[in-house]
Amino acid sequence: MVLSQPHTQLSETNPASSHDLELVDICKYYGPLMVLDQINLNVKAGEFVAIMGPSGCGKTTLLRVIAGLEGVSQGHVLLRGQDITGLPVNKRNTPLVWQSFALFPHLNVRQNIAFGLTLTRHIKAEVQQRVQEAAVMLNLEPLLDRRISQLSGGQKQRVAIARALVTKPNILLLDEPMSALDPHLRIRMQGELKRLQQALSISFFYVTHNQNEAFSMADKVVVMNQGRIEQIGTPSDIYNAPATHFVAEFVGNNNLFEGEVVEINNQTIQIRCAQGLIQAPYRDRPHQIGERVTVVVPADRMVIASTGPIENSIQATLRAREFIGSQVIYYLETSTGQEIKLIQQQSLNESLNVPINADLQLSWKVESTILLGERSVDAP
Amino acid sequence: MANSIPLSKPSSNLQTKTPNESSLLRWICLAPAVIYDSLLFLLPLIFLIWIGFWTVDNYRLVPGFSLSNYIDIFQQFFSKSRYAYAILQSLWVSSTATFLTVLFCYPFAMAIAFVVPVRLQRLAILLAIAPFWSSYILRLYAWQTLLNKEGLINSFLQTLHLINQPIEIVFTQIGTRIGLIHYLAPIMILILYLALQNVDRSLLSAAQNLGATRWQVFWRVLLPLTRPGIVYAAVFGMIISLGDVLSGIILGGGTGKSIFGSLPLFASMILNEYAASTNLPRTSALATILIVIMVLILFAGTKFSQSNQ
Amino acid sequence: MAIQKKQGSDRLLALAGWAYLLLGFGFLLLPIFALVLFSFEDSRLPTLPWTGWTLKWYNFLLSDGRLLEALKNSLIVSPLAAAAATVIGFFAAYALNRFEFWGKKFLSILLIVPILIPPLIMGVAFLGLLSRVNLQGQLLSVFLTHVVILIPTAIALITIRLAQMPSDIEQAAWNLGASEWQALFRVVLPWSIPGIAGAWLLSFTFSFDEFVIAWFVSGFQPTLPVAIYSFMAFNLDPSLNAIGTIIFALSILLLVGVELLLIPLLLENRSNSKQA
């Protein structure tokens, strides 16, 4: 009864809260299985947060927990400072943009957008106006009287977003909204979504398994695996400084080598790997001689070089190559059988100079090497 | 494996929280059906069995517990009313009619599924089930006018000098079977067509690729794959024809001739006995016996299909 | 050579298939043709050669009134029974489709089983109960009993439709603020309309054609099949063909409805998934 109009209430009672959403120590288990394991996460007002991870990592479950479509075993969900953990799904105003769009097939575009407004006592003219606003925002005006079955994938998605925004939520939840779209449409929608989010200055909670989407739109990226948060950071943090073995493998195009620390001085650390000695810059991470570590080298930092200053290098045999736009991806294999990926900005002709099965020397700078300590390696 | 199920299907209804977890919605939705069926389905059935033990005195029902109906029925099992023979006749006519219907419908459904172009299949199915949407009793009447001695079929055959004497079909159990087959065929064609549609076509071409002849593909791939549909259709046909009264009366003439002689069907007999006597307790006892027979057949049917799998 | 031979036998097989279909359709549709045709024939005996066209059997039907009265009874009771069964069936199908609960399996069997019990048995059983509470022998009795045997049909057809509903859209309604009842009436119900319409149509047809139960319980207000049955005991004349033709014309109207609603529901499941 008190909660009949949650969004106005919430924003009025806690206008000062700088966080749109706080997840406090959220755990969820089905029997012995941990689906969500101690999730702590804040979404600042107006922040675009992308949750990224492989399928089954719990990211969609987390989204459904926030929406109230699933319960938690412990922990709290706070919306604008107010605890909504026990609030039923229809009292939360946490609208969701579904992967399948979940538009109502029997209603036209206008009625779909208006749905959330017509569930309580309402004034027709006001509904009309709010629908109009949402339609303008998403370029849907000419489509308002269309049937859902007459829409293209991209149009459906815009309707789904308009339908969710029409109740003026503080936070918009998006569940892999691009996965049903054509690739070229995805790129365009990314720009549009970001523009929309900034224009509305509300926070977006965006679940995806696609790192391009996460990196191009988000202010903050959260990488999840097996129900846990692996790393939280800006896109460049995550990309340039993966904190864990999992993140290094999942994000970007990284090559990983296992090795042991053999020497430490105040500039570099020497690691012995199966492929030879590798140097890494000494950062403020404490490492010890004899420690097992993982060496991470981004694929686009390696070069095929027979000349020039060589700081780190290994030998590998070229097995295949792939052209993507102006990029060439080389697939190589070391003598120990490890696969290596190397990305280079190169023209097709240039790259063809290197024959398949050629033995090559790959090199990279010391500062491009990232070291991950033993504690960050996933327990088997 | 069991552990991974909740992960891959987090949206399963079991875990989904609804707007009101403790709402009465489900019970309110189920209540009308449950109450209605309890009052007007379970109660009458229990009543039926109970009334079988009542008696009639001076045209009035006398509640009680008397075995007299059953004693009387079983005394007349082989004499006078000869219920046993009627039951035998019923089983014989229904099983042969069901068998013939499957025999007629399976190739028919196959022809629709494999010969008719896809865009016309729907029309073909619609035509096939058309008889079902006209009145059953009037279809039987139409068959009667078509099949009787002066009927269209006999006069046609005589004009062609294929026969000299009109064939007797009406008022024999052959007539009953024609009525039953015509009644069962539309639904059976639909069931078998759906079963055939569900067969993966690539399996058939794969079998042919492996060198199987058409016969082998039919006997060793198509038939086994559609077996559940056939069993389903046969059980359905058996239940309907055992309980049917109209075909036996209108086309079978009540006591139509079969290889067992001129005997009525059990179901028609129950109806006619009630029409003549309005003795509800006795009719209820007879209906109870019919229930027992059906349960036995269903039981045997499930046993049969299980032992074969 | 081998390929040609195979094509030849393919063609032969297709030809045999078409021939069989032709014969089969002949068998299935023959009585309906005869019914319509002979309702316009002059002679009392429906035989060849053709004796002439007439409408006198329709006149006869109109002047007699017994069958028309029964037709009226049927047209009152069948649509209502179908509607009641469809409403009850929709709610039951929704609950069975959405919820898991103890005893669900037993309940689904209980709700489906009335259609498996021969109407003869149900007819006797209904009469036994209804005569104890003095509800026998009226149109109301037919209504009450027909609803029982129509509920399973309605549940089955509406369940087919509900099973095709993406569970997302009901959850999406909750997510946008709808209560369970609002989601039920504003999302699930509109989604189920084709199933509901199909269920009503099929239920109506079952009820309209049902003989045995109506024979036991209808008494002095016979439905059409019951009236035809008693009519046949005394007069076998082409006015039966005439009423048959009228019913068939009604059926064609129904069939259009079926073509538009029921068949797509049963068959299109597959083609939809192909498109997806």
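1. Contact here means heavy atoms within 4.5 Å. By that rule, 101 residues of chain B touch 97 residues of chain C. The model is predicted: local features need pLDDT of at least 70 and side-chain atom pairs count only at pLDDT 80 or more, while totals for chains, interfaces and linings use all residues. Side-chain values use heavy atoms, without hydrogens and water.

2. Chain B and chain C bury about 8600 Å² between them, 80% of this from carbon and sulfur atoms; buried area is the accessible area (1.4 Å probe) that two parts lose on being put together, summed over both. Of the area that chain B buries against chain C, Arg122(B), Trp133(B) and Tyr141(B) supply 10%, more than any other three residues.

3. On the side of chain B that touches chain C, helix α2 (residues 25-51) gives the most, with 21 residues; helices (H or I, at least four residues) and strands (E, at least two) are DSSP runs, numbered from the N terminus.

4. In chain A, an open sheet of five strands is ordered β15-β19-β16-β17-β18, with antiparallel pairing. Strands pair if DSSP finds at least two bridges between them. The edge strands of this sheet are β15 (303-304) and β18 (339-345) of chain A.

5. β15(A) is joined by two bridges to β19 (residues 359-364) of chain A, and the two run antiparallel. Val303(A) has Ser363(A) in β19(A) as its bridge partner.

Terms used:
Residues numbered from 1 in each chain as written. Chains lettered and ligands numbered in written order.
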